[in-house]
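Subject: Protein structure for your review

Dear colleague,

Please find below the structure that I am handing over to you.

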Amino acid sequence: MFITLSLRKSYSFDLSIFSVSIIKLKLSSSFLYPSPSYAFIDTIGEGAGVYSRLKELNYLNAVSCKVSESAKGYTDITRQYQFANMRAYLHWCIRDWLNPKNNFNPCLPNNDKLLQEATEVKWKFQSDGKIIIEPKEELKKRIGRSPDYLDALANSFYPIKKQVDLQRLARLSQ
């Protein structure tokens, strides 16, 4: 499982090499407290415990990412396409971000695994016109491993519900 930290640069940490205890992981205030830094955590499976522990420790910028949830109300940059689920939306965000016509001037790390994962993903339109990304299991079969690097990048585009974090921050500052 990867945790994605979105700062001015993108960092991904493979949590399988760390202890399950978030205290031993030592996500220090230098990563999570300066706003607008966020830790985007895949909370389906192992990440749920990591996210819960971060919240217990008052890391206000931890964001729970659930790629199976609805993407209702989210569209691509042109506002033309809708998505079957959050996973499809997040992958399309990467596509929009990388498109030179959109002038985001993205910079990706020189990482062969990320490149392979990003170029192997397949998508299609459903009968309702929404875009869906192929099942993760299909991609795993083709590349022979889990697309962890692409998942970490995709999570960094997860929509942030700031009002909850701001309310918690206000309570702590009193």
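**Findings**

The protein contains eight helices and six strands. Taken in sequence order, these elements form the pattern β-β-α-α-β-α-β-α-α-β-β-α-α-α. Please note that this is a predicted model.

A word on confidence comes next. The mean pLDDT of the protein is 79, and 72% of the residues reach 70 or more. Residues 1-30, however, have a pLDDT below 50, although this stretch makes 67 contacts in the model beyond near neighbours in sequence. Where pLDDT is low, the predicted coordinates should not be read in detail.

As to the protein as a whole, 36% of its 174 residues are buried. Its accessible surface comes to about 10700 Å², and carbon and sulfur atoms account for 52% of that surface. Among the contacts with a separation of 6 or more, 55% are between residues 24 or more positions apart.

Where is Glu-117 placed? Glu-117 lies in helix H5, which covers residues 112-120. Is Glu-117 buried or exposed? Glu-117 counts as buried because its relative accessible area is 0%, and the cut-off for a buried residue is under 20%. Setting aside neighbours within four places in sequence, Glu-117 is in contact with Leu-139, Ile-143, Arg-145, Ser-146, Pro-147, Asp-148, Tyr-149 and Leu-150.

Yours sincerely,
A colleague

Methods: Residues are numbered from 1 along each chain as its sequence is written. This is a predicted model: local features need pLDDT of at least 70, side-chain atom pairs count only at pLDDT 80 or more; totals for chains, interfaces and linings use all residues. Side-chain values use heavy atoms; hydrogens and water are left out. Helices (H or I, at least four residues) and strands (E, at least two) are DSSP runs, numbered from the N terminus. Buried means under 20% relative accessible area, exposed over 50%, partly exposed in between (1.4 Å probe, protein chains only). Contact means heavy atoms within 4.5 Å. Accessible areas come from the Shrake-Rupley method with a 1.4 Å probe; for residues, only the protein chains shown count as cover. pLDDT is the predictor's confidence in each residue, from 0 to 100.
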